Amino acid sequence: MPKKNKRKKQFFQGGFKDIEYSDVKGSLHSHGGWSDYRNKDEQKKFPFDLRVFAEYCIKHGRDFQAITDIMASRPGELEFIEKRYDALLNTANAKDNNYEVERNKTESTIYFPKEKSKLIIPRTQEVLTDVHFKHILAIGAEKNIRGGRNAVDTLKEIKDSGGYSILDHTFMCDAWHEEEVRNLYEDKLIIATEWNGGLTFPAICGYFPIKFFIKTPNKRSNKRVISLEEECEIPCIANDDSHCSFDIQKGAFTSYWNWDKDISFIENIINSINSNNFERHENYSSFFSPLMHVKYGKESQKIFGKKGLPNA
Ligand SMILES: [Zn+2]
Ligand SMILES: [Zn+2]
């Protein structure tokens, strides 16, 4: 197994916003908490609102929590470009002086001056390719990466546009094979694989009505990414792939600690991965999460259109 570097005390500072980090915890793959829960109680508890989202993530120990936009294209259908990141940031209330927002394309920061806390929200993209479950998590790419195309072409485009790629839920449904992943890593088209903490995924989509989308464990995929890390030193990071608020509360995340205050958040994450200065927290969301999905199993149609989200 590749030896993880010892955690160093490296602090991240940022002006008034002098909040120091010795290690930075969060998930780069997160659909927020609104994909699957759509009942009235849940809407009250976890409305689609930037402040609620940021406070919730901070309360549950996250320093950052990505909002992952899905980029998809189904055969014969129009391209699907999700704008959840922008939609969430648009809920910022300028009259609310409890927080301040520093917004940009690849990540935004929400500051709570009184509490001296902040949350970074990276915008990541989950690009669905032309092969079922070959999904690619794009980090730091400013432009939208089109879905529904060849996976290698997609990886090249992400790299050309200044982004970085992670193969999320790597071996789910045998989407990739070990040799392919090794080659992509050697060709520098990917920087890591993903240990996916979503207990669940919609395996039977297309055959049953949405309310019966049951998600099942992806533990086999996670075993395989760990083996690949041990045998081939391909870094593997953990993400919650959250589809409901409970996934953020209980799900997987990674600590990163190779931090240099003079470079961007994304570059620091990438440096931490490349130099092995990170640690996975391999949590699965609650065992009851699938039941909750069944109970409340409606997609976010109200906010994101009639069809809701493609499954990602
Ligand atoms: Zn996916
Ligand atoms: Zn996802």
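A residue counts as buried here if 20 or more other C-beta atoms lie within 10 Å of its own, as exposed if 12 or fewer do, and as partly exposed in between, with C-beta atoms placed from the backbone. The structure is a predicted model, so local features need pLDDT of at least 70 and side-chain atom pairs count only at pLDDT 80 or more, while totals for chains, interfaces and linings use all residues. Residues are numbered from 1 along each chain as its sequence is written, and chains are lettered from A and ligands numbered from 1 in the order in which they are written.

First, the confidence. The mean pLDDT (the predictor's confidence in each residue, from 0 to 100) is 81 for the chain, and 74% of the residues reach 70 or more. Over residues 9-19, though, the pLDDT is below 50. It also stays under 50 over residues 201-216.

Now for the helices. Helices (H or I, at least four residues) and strands (E, at least two) are DSSP runs, numbered from the N terminus. Buried in α6 are S221, N222, R224, V225, L228 and E229. These cover an arc of only 160 degrees around the axis, so they sit on the same side of α6; the arc is that of the directions from the helix axis to the C-beta atoms. The face turned away from that side carries the exposed K219, R220, K223, E230 and E231. Covering the buried residues are, among others, α5, β10 (192-196) and β11 (236-239). After α6 comes E233, with a positive phi near 55 degrees.

Helix α4 (residues 151-160) has A151, T154, L155 and I158 as its buried residues. Seen down the axis, they fall within an arc of 100 degrees, so they line one face of α4. Exposed D153 and D160 are on the face turned away from the buried side. The buried residues of α4 pack against β7 (117-128), β8 (135-139), β9 and α5.

What about C173? This residue lies in the loop between β9 (164-167) and α5 (178-186). C173 is partly exposed because 14 other C-beta atoms are within 10 Å. The C-alpha atoms of C173 and S221 are separated by 8.3 Å, although the two are 48 residues apart along the chain.

How values were computed
Contact = placed C-beta atoms within 7 Å.
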